[in-house]
Amino acid sequence: MTSTETSHDPTIAAELSAHQVLVITLDRPALTTKFLTDTARAVEDAAQSPGIRLIVLAGRGAIFCVGADLHSDSAEDPAQATILLESLNRLVSALRHAPQLVVAAVNGPAVGGGLSLVLAADLVIANTSAYLKAGFTEIGLLPDGGLSATLTHLIGPQRALAMTVLNTTVDAELAHRLGIYAQIWPPEIFHDRVSALIGDLAAGPTHAYSATKRAIHRAAAELDTALAEERREQSKLLQHRDFSDSVRAFRAKHAASVNVE
């Protein structure tokens with residue numbers, strides 16, 4: 001892989017492969033506003049580049065993405081959380097509206113905003129250790145990043161409510177059966193299979209893929225409405241005491257588990 005563009009932010013590496021595939025790698029598990037903004041800009045630029053045939057979003061190491069960093073000093077700041085949400089919405093919209101197929105290669109857990117990014121992709125392929133979890137209600141918030149639309153379209157309203165309200169962990173086998181993951185592979189062959197699939201897609205009829213993407217997403221055109229509605233409701237919840245109390249409880253719980261280990 002030859003790098004043609006790499007962000008100065010260590011959380012994002014954007015590379016253009018020899019097959020004209022833009023590969024965006026999440027170099028740290030938690031989302032930041034800068035990562036989301038830089039990644040959205042890279043995807044928006046790719047959308048204007050007819051030579052780019054495919055966009056791939058991948059994690060590094062054992063985790064895909066755990067969403068917002070709830071241990072940061074600004075985690076309880078509603079203003080900062082709103083900025084993060086707007087940046088996430090920008091990236092989700094960019095992924096959905098890019099003419100290229102977007103493939104999420106999910107190498108490990110995807111939680112919160114990480115799950116939103118996974119469901120913004122057109123095809124999701126995963127490691128068998130890659131579980132999914134919404135996590136929003138655990139901190140007193142509703143699902144965002146378009147999740148209320150994308151998850152509901154994939155698995156239906158009752159399952160979507162159960163997964164989000166009960167904060168259910170969905171393992172790879174179940175995610176595959178539900179249609180969230182298109183394909184799953186064990187860790188020892190995951191990267192080889194991902195590389196082969198990316199090569200096949202990049203060599204395929206990209207104009208047909210693009211037209212198919214537009215037609216299918218046009219039939220499920222509620223994402224933009226969901227992004228706006230989520231932002232309205234999330235802004236209210238970010239001001240509520242439940243949010244700050246839940247974040248502090250989350251920190252205490254996870255600090256205790258770390259200390260026990």
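**Reading a helix turn, a salt-bridge network and a helix pair**

Mentor: Arginine 241 and aspartate 245 are about one helical turn apart, because four residues separate them in helix α10 (helices, H or I with at least four residues, and strands, E with at least two, are DSSP runs numbered from the N terminus). The model is predicted, so local features need pLDDT of at least 70 and side-chain atom pairs 80 or more, while totals for chains, interfaces and linings use all residues. Residues are numbered from 1 along each chain as its sequence is written, and side-chain values use heavy atoms, leaving out hydrogens and water.

Trainee: Which residue forms a salt bridge with arginine 248?

Mentor: Side chains of opposite charge can pair when their charged atoms come close. Here arginine 248 pairs with aspartate 245, with 2.9 Å between the closest N and O atoms (a salt bridge puts a side-chain nitrogen of Lys or Arg within 4 Å of a carboxyl oxygen of Asp or Glu). Shared partners join Glu76, Arg241, Asp245, Arg248 and Arg251 into one network. Aspartate 245 also meets arginine 241 at 3.1 Å, N to O, and arginine 251 bridges to glutamate 76 at 3.0 Å. Because arginine 251 lies in α10 and glutamate 76 in the loop between β5 and α2, that pair ties together parts 175 residues apart in sequence.

Trainee: At what angle do α2 and α9 pack?

Mentor: Two packed helices are described by the angle between their axes and the distance between the axes. Helices α2 and α9 pack at about 170 degrees, with axes 10 Å apart, and are therefore roughly antiparallel (over 145 degrees).

How values were computed: Axes fitted to C-alpha atoms, helices over the stretch in contact; angles between N-to-C directions. Parallel < 35°, antiparallel > 145°, perpendicular 65-115°, else oblique.
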